[in-house]
Amino acid sequence: MLESQFEKYLIGDANITSKTKAVNSRMSKARAVEEYLSESLDVIVQDDMKMYDALRRIKQNMNDGNGSYSNSLRKYYSFKNKHEFPRIVDFERKNGL
């Protein structure tokens with residue numbers, strides 16, 4: 001993960017109001033996702049099917065009730081790909097899953 005660049009991206013995100021607390025929380029969650037999946041977020045967000053699988057694994061196994069872990073991964077996807085990853089249901093519909 002490109003930590004310093006991602007942190008700058010989050011700081012510049014107008015949707016994040018509490019810069020210090022929210023940015024630190026998302027960075028921590030992103031690191032936890034990377035550790036849990038044993039794979040760099042850079043590799044995951046390069047492939048939409050890997051992204052989909054990662055989001056499903058996070059939801060099933062990381063106690064992601066409030067969506068904070070998946071949100072961090074989605075933010076990283078947006079940071080790297082310059083667009084948002086679709087909702088799971090939309091991705092499944094589009095890909096016949």
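This is a predicted model: local features need pLDDT of at least 70, side-chain atom pairs count only at pLDDT 80 or more; totals for chains, interfaces and linings use all residues.
Local features need pLDDT of at least 70, side-chain atom pairs count only at pLDDT 80 or more, and totals for chains, interfaces and linings use all residues. Residues are numbered from 1 along each chain as its sequence is written, and side-chain values use heavy atoms, leaving out hydrogens and water.

Two packed helices are described by the angle between their axes and the distance between the axes. Here the pair is H4 (residues 48–61) and H6 (residues 88–95), whose axes come within 11 Å and cross at roughly 135°. That makes H4 oblique to H6 (angles under 35 degrees count as roughly parallel, over 145 as roughly antiparallel, 65 to 115 as roughly perpendicular and the rest as oblique). On the H4 side, the contact (heavy atoms within 4.5 Å) is made by Asp48, Met49, Tyr52, Leu55 and Arg56, and on the H6 side by Ile88, Phe91 and Glu92. Sorted by type, these residues come out as 5 nonpolar, no polar and 3 charged.

Then there is the matter of backbone angles. Most residues other than glycine have a negative phi. Serine 38 is not a glycine, yet its phi is positive, at about 55°. Serine 38 sits in the loop between helix H2 (19–37) and helix H3 (41–44), and is exposed, with a relative accessible area of 67% (exposed means over 50%, buried under 20%, partly exposed in between, with a 1.4 Å probe and protein chains only). Asparagine 63, also not a glycine, has a positive phi of about 50°. Its place is the loop between H4 and helix H5 (68–81), and at 71% relative accessibility asparagine 63 counts as exposed.

Technical notes:
Axes are lines fitted to C-alpha atoms, for helices over the stretch in contact, and angles run from 0 to 180 degrees between N-to-C directions. Helices (H or I, at least four residues) and strands (E, at least two) are DSSP runs, numbered from the N terminus. Ala, Val, Leu, Ile, Met, Phe, Trp, Tyr, Cys and Pro count as nonpolar, Asp, Glu, Lys and Arg as charged, and the others, Gly among them, as polar.
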